[in-house]
Amino acid sequence: MFPLKKLIILAVGLFGLTSAKSSTGNSVLVVVEAAQKDDFSIFFDGMRDQGYELTFRGPKEEAPLLIEYDEPKFAHVIVLASDTKNFAKDITPQSLISLTHLKTNLILGLSTKQTPLTSLASEFGLIPPPPGTPLISYFPKREEPSTLIPITPKVQDSAVLQSRNNHPIWFSGSPHALGNNPLLVPILRAPVESFASEVDGGSPDAIVDSADKGGEGFWAGSQLGVVTGFQTLDGARVTWVGGVDVFSDEYIQKQSSKRRGVQSGNRQFAHDVVAWTFQESLVLRIDKVEHHRVNTTEPRDQYTIKDQLEFNAYISKFNPKNRKWEPFSALKDLQLEFTMLDPHIRTSLPAVSGTPGKYSANFRAPDRHGVFKFVVDYKRKGWTALHSSTTVAVVPPRHDGYPRFLSAAWPYYAGAISTSVGFFLFSAFWLAGEVRESWKRPGKASKIE
Amino acid sequence: MAPRAAQIQPTASSAVETLWKAYNDGTPNRLKFIDSFLFFLMLSGIVQFVYCVLVSSFPYNAFLAGFGSTVGQFVLTASLRSQVNPDNKDEFKEVSPERAFADFALGSIVLHFFVYNFLG
Amino acid sequence: MLAALLSTLVLALSAQAATLKLQSPKLVVTDSMGTQLRSDSFSLSKQVAEAVELGAKDILKMTFQVLDQETGNGVQPHQTFLRFYDEKTNEEGIQPVRVTPGGKAKFELNLSKPPLSLPPTPNGDPLKVSLIIGTSQYDPISVELFDLVLPKSQPAPENPLESTFHVLPEIHHTFRADNKMPPQPISFAFIGIVLAPWAILLSLWSQVVPKPSRLFSPSILPFVASLGAFEGLLFWYWVDLKLGQVLLYGFMLSLPTFFAGKTALASIGSQRLGRK
């Protein structure tokens, strides 16, 4: 019965899911214990259908390396070995961080055991509970144990999850509290009634005592995350998964004991997580920026103060279905800053209707001169961060760039011209006149008489 | 005796009148020609200055150019007058009146060049 | 996997779906002095109609007992939480309630020493208070009890990067005011005033001008004409030309001017000296 089910599910999957290639490459390294590899076969097949090439490695094996000669060997890395306490020499928190600087995307699995990855999670702003306290929920009433929790994501959860059906996502593992770092992208939150506690029933008094200890002593409620993403500012994405069983075959094939015939949402969830983390969905880039004076087309490296300037940005979004970058005009809150040490002008950059992907803004250069930058800095939860900075100089008008022939100066023009004309007439009469007569004194003439 | 006594009355108006009569009688026409040009330049400069103070000094460069043209021309014309005055012949032995006029013309052209440059 | 499924099925069939109930649920609001401000009972089936309001130093006390509905015995549930939830900001705080093994539960909220889990209420919006009880072998309970209005508090501390993830306020540059120009008719009138001294000049000159008898003689005219040409060139420079051009034309014009000048002044000089 089971193999048949698996085949049916695979067929449905192939039909339903479209194959998508990531925008940054499709080589994936999966770090998983050899014994557990078969538990995730549907997950791996799903990724192969999405177009990824998988390479497997045990956590203690030496090869293949993550980074060789300062170059990342794989575009993406998944660490499903969430219980391993000792990794091989090249898998360390530092090497994982340098992978993100090298634009490699990571999916890292946590568990209730303390592993090197648990301390790394704190660096990302996640606060894991004490070891040995998995997430427990008595809601909804079900036959499965309290550590196996169906989570139905709500509408206000992130845009990472693309499907909006009501299929529950089965989860078991460790939750984490979220810090207030805006780079965190919560993908799946814990249910309201859940909390972290010891497996064997735990004692209610211990719970109350740990809560009285201080804010971080108690993990409960929907402020906890179960699968959380992290978008770095240079583009790499890291997803922390509280329990890797959410990708396992068992949970993908699980039927709810309460609601007969309701499929688990784990397959779609795994697909969405992989699509977001491996740069398929919500990926933007700026294709080109240009700037010029209004009514001209040539950019200049020098503008005059109080010039009317126009700035255009062309933005596209990656479409995983046909693996192309397509112009994207749906950004409503893009802003442009004209900055010299501090923004002098900040204006909105609306989309131009008629040209897909083009965003344009007009403004007047300030009457300060100096070296300015056109800065586009767009960061939103879940989306790639867009950043572009173009430097131009703004200079005062040239000596012949000022307005001339102003009406306020007419009398001065008249004065200068009349001096010129007067000089000319004076010289004409002076040169032309009879010399001797005009030198005579009038008084003398009368006296002679 | 009597006419002389009448002439020596020292009232202010008669001093001005005497001055004016002496000027009128004693100055050759050529010099009076120069003096009227000087007077014209002075009036022109005063009017431009009044406009600047009362109304607007906004294109300040235009004010400086216009006012400067009257003042500069006044200076050049005054120096021409003193050089061609026959009474000053002993002062300017090497400078003939023609040479003085040539200097005057060159100076005026250069002055007008700067004035139009600055006038804007 | 088969074994696990079978065992959970067996467990499910064996466990009775038992229910819990609350006995004598009560909430009391007192102020810091001890005087009772409000006393109410709450229930799992109906929300308290009026919102509970607390001042800055008031104390809210809730007491109840958790009993098995059928046997009436006290139950100490694994999870007895009070959830404070702000709908508008989506902030949530969960506070566990201490329950004795006999099921007696007591909760105290003292606003002069608020628990860290209480969500901030910067706008004074009401918090929804719900009771969550979960334990194995009983049906779980999650019920909204009442609305709680707290005094305004400081907002939650924000990460300094947070504001860059939202729309920032627009900045406009205030330009220095353009120079104001006087009204054109005034400037126009002053043109006339500037040109008025011409009347005086011409009237004076009419009396003392030396007669221009030699104006059109061939020795004088070229010089006068070239002076006029220079003035014209300078006017043209003011209107249209560039510096390089006017210097070039001026240089070209200066040569004939020089020669014309020499001729003119020589003839005047000879006239002054010769005829004397």
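Mentor: Let us begin with domains: their bounds come from an automatic or database domain assignment. For chain C that assignment gives domain 1 (19-154) and domain 2 (188-274). The C-alpha centres of domain 1 of chain C and domain 2 of chain C lie 105 Å apart. This is a predicted model, in which local features need pLDDT of at least 70 and side-chain atom pairs count only at pLDDT 80 or more, while totals for chains, interfaces and linings use all residues. Residues are numbered from 1 along each chain as its sequence is written, and chains are lettered from A and ligands numbered from 1 in the order in which they are written.

Trainee: What makes the phi of A:Y69 worth noting?

Mentor: Most residues other than glycine have a negative phi. The phi of A:Y69 is near 55°, a positive value, and the residue is not glycine. A:D70, also not a glycine, has a positive phi of about 65°. A:Y69 is in the loop between β3 (67-68) and β4 (71-72) of chain A, and A:D70 is found in the loop between β3 and β4 as well. Strands (E, at least two residues) and helices (H or I, at least four) are DSSP runs, numbered from the N terminus.

Trainee: How do you know which residues of chain B are in contact with chain C?

Mentor: Two residues are in contact if their C-beta atoms, placed from the backbone, lie within 7 Å. By that rule, 25 residues of chain B are in contact with 25 residues of chain C. α3 (29-54) and α5 (97-119) of chain B are the elements that give two or more residues to this side of chain B, and α3(B) gives the most, with 12 residues.

Trainee: What is the peptide bond between A:F139 and A:P140 called?

Mentor: Most peptide bonds are trans. The bond joining A:F139 and A:P140 is cis, with omega about -20°. A:P140 lies in the loop between β8 (135-136) and β9 (149-151) of chain A.
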